[in-house]
Amino acid sequence: MTEQSSETSREQSGGKAAGDVLVLGATGKTGRRVVRRLRGAGRRARAASRSGETRFDWGDRATWPAALAGARAVYLVAPDDPAPVGDFVQEAVAAGVTRFVALSGRGLDRAVEEFGFGHGMAAAERAVRASGVEWTVIRPNNFDQNFDEDLWHAPLRAGRLALPIGDVPEPFVDVEDVAEVAAALLTEDGTRHAGQVYDLSGPRGLTFRAATETIARAAGRAIAYAELTPEEYRAELLAQGVPAEAADALNALFAAHRAGVTVGPADGVRRVLGREPAAFEAYAARAAAAGAWLP
Ligand SMILES: NC(=O)c1ccc[n+]([C@@H]2O[C@H](COP(=O)([O-])OP(=O)(O)OC[C@H]3O[C@@H](n4cnc5c(N)ncnc54)[C@H](OP(=O)(O)O)[C@@H]3O)[C@@H](O)[C@H]2O)c1
């Protein structure tokens, strides 16, 4: 048997190397790290999104069959709109998927019921629970990387982060930890994680003011934190050109944070990986060294 056909036969015959993993949101913060980790471990990962290597669009069902063909596990990053999620999960199972890992959010039940957001993630949780195959849900806190890859990056670079959050601590989680957990859940042999919901946080809570101070120290420059009322925050977002609907969604998110929905460290990283989660300070030092917060 040639080296190549022996590889093919090992992939087709089951065991650790068997089956592709379809990674949704594969150009995003968690998905691209999940792809990197799976491939680094010798697994075949299909990197899917509208602009990804494999084209997948929640809004274009014609893209689903090719993305699913041959996939045995799915990393499910839900769309905001819950409508297509149930059909997708059913189609995935019909195509041969036997395991889902769904990305959700810390405190999702209260977020949906009391604060009116998270409907896409809730639909994903419901759909995988009803799928009839193995599923695991991960519910992370706010990501460390929101400070250098997302919403709070531009304000920090400009020297001022202003939010309506007060002194409520948030145990920010490093997306590297989220991705390592997700990759383990997608590929580990056995069923120890089936039917589990893991809350994923960093090791301790930090106020947004303390997080900003940590980043300023790591970046070696002055960056101010300003506390706003929700009304002031909304006005600032609108002035920055953020659409009203998105500004209201962000205000709902911070209302949930102020109410303590995501407060307090969780043990999910330790339960899955058998080690403590990474500290915010380590993330800040790494991102600062890469030049994240240069003006
Ligand atoms: N940020 C946080 O602190 C945090 C914490 C807990 C949970 N979450 C949840 O995490 C999820 C986001 O995950 P993330 O941060 O890893 O991703 P992300 O960085 O927000 O990127 C979004 C990903 O989704 C893809 N995407 C967007 N629209 C799509 C569509 N119509 N069809 C197919 N793919 C689409 C994007 O790629 P293309 O543009 O190429 O399609 C991209 O890969 C959200 O559900 C959020 O609620 C976030």
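**Close-up views of the ligand site**

**View 1. The shell around the ligand.** By class, this shell has 8 nonpolar, 10 polar and 3 charged residues. Ala, Val, Leu, Ile, Met, Phe, Trp, Tyr, Cys and Pro count as nonpolar; Asp, Glu, Lys and Arg count as charged; the others, Gly among them, count as polar. The model is predicted: local features need pLDDT of at least 70, side-chain atom pairs count only at pLDDT 80 or more, and totals for chains, interfaces and linings use all residues. Residues are numbered from 1 along each chain as its sequence is written, and side-chain values use heavy atoms, without hydrogens and water.

**View 2. Side chains at the ligand's oxygen atoms.** An N or O atom in the side chain of Ser51 is 2.5 Å from a ligand oxygen. For the side chain of Thr30, such a distance is 2.7 Å. For the side chain of Asn146, it is 2.7 Å. The protein covers 74% of the 910 Å² of accessible area that the ligand has on its own (Shrake-Rupley method, 1.4 Å probe).

**View 3. Confidence along the chain.** Mean pLDDT, the predictor's confidence in each residue from 0 to 100, is 94 for the chain. Of its residues, 94% reach 70 or more. Over residues 1–17 the pLDDT is below 50.

Note on methods:
A polar contact is a pair of N or O atoms within 3.5 Å; within protein, one must be able to donate a hydrogen and the other to accept it, and residues adjacent in sequence count only if both atoms are side-chain atoms. Contact means heavy atoms within 4.5 Å.
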